[in-house]
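Me: I am new to this one. Could you take me through it step by step?

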Amino acid sequence: MIIRVKPDKTGVVTDGVKHSMNPFDEIAVEEAVRLKEKKIAQEIVAVSCGPAQSQETLRTALAMGVDRGIHVEISGTEYDTLQPIHVSKILAKLAEDEKADIIIVGKQAIDDDANQTAQMTAALLDWPQGTFASKIEKLNGELHVIREIDGGLETIKVKLPAVVSADLRLNEPRYATLPNIMKAKKKPLKKVSPKDLGVDTTARIEVLSVEDPPTRQAGVILADVDQLIIKLKEGGHVQ
Amino acid sequence: MLRQILIHTVARRTYAVNFIQNGAVRGICHSQWCRSSDIELTSIRYPGVQRGSYAQLSEKHVQHFRSILPSERVVTDADDVAAYNVDWLRMVRGASQIVLKPKTTEEISAILKYCNAENLAVCPQGGNTGLVGGSVPVFDEVVISTSLMNSIVSLDELSGVLVCQAGCILENLDSYVSQYGLMMPLDLGAKGTCQIGGNVSTNAGGIRLIRYGSLQGSVLGVEAVKADGEVIDCLSSLKKDNTGYHLKHLFIGSEGTLGIVTKVAIQCPPSPKAVNVAFLGLNTFDDVLQTFKEAKRGLGEILSSCEMMDLLALDAATSNLKLQRPIGEFPFYMLIETSGSNGTHDEEKLTNFLESSMASGIVRDGTVASEPSRIKSMWKLREGITEGLLHDGYVYKYDISLPHSSFYAIIPELKTRLPAEKVGRICGYGHVGDGNLHLNVTTRKFDAAVLKMIEPFVFEWTSKLKGSVSAEHGIGFKKTQYIHFSKSQSSLNLMANIKKLMDPKGILNPYKVLPAQH
């Protein structure tokens, strides 16, 4: 599939494009399911903020082993300008309502690459954060989060409740199997609006223009070094 | 105990993440394995094959080629030529000293005219992804690579007819036509490397044949150059054209022995708006057949692929290429793909089919995907088998067509026939929808004794069941002695006469397709 910029330069063409779960969020879901399988966690709730298609993504999470889903419906122009700050406020509010002990998010989304949601959610809740987790263990009522940093691994201890963001090597997400896909259809999925949660999702940014990357200019093959030097001088690359 | 975990999942629009296709994978293979000079020369491994009485390449010839092509497109450096001498499976190695890289039909015509006059044998080569040793020289044939013949001539958006040069890479063509809402009518594991000219010359099949038919149907026209340099223009782009003999069929599937394909006109169907893939686990081969039958009935016109693989075949991809197996261990797996114009409609059909197959117990477990990234990783399991098998060592590869009822019976038969301590893996996978089984045996190193136990046994067995000894891979160099198992003497005689007529000196891809006595 080829990404095309809309003629009015307000964004990229997304009509008819299939939605799927952000890969880092898939890792987050997998980790939550593993925590439940290890009997560390009791219940898993998946949250997705977006248009109607978000429900398909939630069903995938349910089929992977999540217990119930919450769809925060945001569509149209508000969805186009939805920022990590909005999502963080929604997650913080839901975490309080649901009395969650851990929030696991993917470290970043692969379209905007913002990498802000975990950090801002932790700040809003005033919870500790373990970002870019490549391994999570629960020891003595605390979480040990191992992070891949330059030059090695860093282990940090965080008290619960906490926010964790999943890095690539945390786990390899499972495929949802047919029996579980069928079971997932019967699992509860609640729909709420940001308004219900008291979160204002009005745009805080304005997209001025979305442009195609500049096209690369064709190269030329030169016969010898002399010609290369002439070309370099013409281009002002050498004196 | 934690009461609850809240996870945030974002439904993101899936933009194409172009995974590295076979093109790049091949690069890795070359660097990680032995140097090409470690592979035994074909002339040594197959002492029964005699070099024809062709001229030896001389400095005079090289000079003349340099007058036809700019010198950078006449490759004579031994290291550069080496890659063109070895096939992708690394089972045969020729000893050519020269590779020519024409860009136009006229250049190919001039090259062939000269070679014919000088009695120099030639070996046409596309992406060199063939599996029967047809794309590399046997002795010292002049290699004519079509790699630089990669321009697209035209695309008619309304009729979907694409006209392009022979050296266009299949995947590049597919990306190109996808901008116009079209797709290539064939798809195969080697798409990132193989060229359309090679696909046409070998009448390549692949994973969508069940839906879009063979190239004999979708190729509307061909331009080819005969051995004497004459350009045969049958580049019609008409869907219907019953005027005279259908000469294009002489070039489709004749593996470069009657002419070199230089341009093709190919009918591209509209690309589907919705694609779903199900990966299923089954207990018996009878269940596989039953599922195929149900899939045809339940999915009807949206069924676009129906593939099977046994546990050991899948294991070649999962263990050797470190891919994740999506479901538990089962003796058989199937990959079923639907392509259609209405996602909701397709999903409903597929769900009904899967629910009833699960309920009746013929399918034991499975998973399903409709997102491009997941679909790609499921296909990678099926398409990665060929490459995964290479990691075992030496691969004895058979590609046979059989009636569905006896499709898989050869595998248990071979398992009792071959000594377990000598053989690494005996496995089967393939296009169950088309009755086409890829039978593969691997050993750590080439073992002539094992080969003797497999051949001609497999061919005799196939022939007895009225199957074909080569369903889609062709005859190439490897199977010339076995063509008679699937073709009558009278047809072979006619083939030999056609060859004599079109290439009297036999310079085009010698030692391939037809048995030596002809």
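Me: What does UniProt place at residues 9–201 of chain A?
Reply: The unreviewed entry gives "domain: Electron transfer flavoprotein alpha/beta-subunit N-terminal" for residues 9–201 of chain A; such annotations may be inferred rather than shown by experiment, and feature names are shortened. This is a predicted model, in which local features need pLDDT of at least 70 and side-chain atom pairs count only at pLDDT 80 or more, while totals for chains, interfaces and linings use all residues. Residues are numbered from 1 along each chain as its sequence is written, and chains are lettered from A in the order in which they are written.

Me: How much of that span is helix and strand?
Reply: Residues 9–201 of chain A are 32% helix and 31% strand, counted as DSSP runs (H or I, at least four residues; E, at least two). The end C-alpha atoms lie 23 Å apart.

Me: Now the contact: how many residues come from chain B and from chain A?
Reply: Chain B gives 32 residues and chain A gives 54, a contact being two C-beta atoms, placed from the backbone, within 7 Å.

Me: Which element of chain B gives the most?
Reply: Strand 1 of chain B does, with seven residues. Among the other elements giving two or more are helix 13 (343–359) and helix 14 (372–390) of chain B.

Me: Changing topic, what are the domains of chain B?
Reply: They are domain 1 (1–44 + 56–271), domain 2 (274–387) and domain 3 (392–479), with bounds from an automatic or database domain assignment. Domain 1 and domain 3 of chain B each put 15 residues into their contact.
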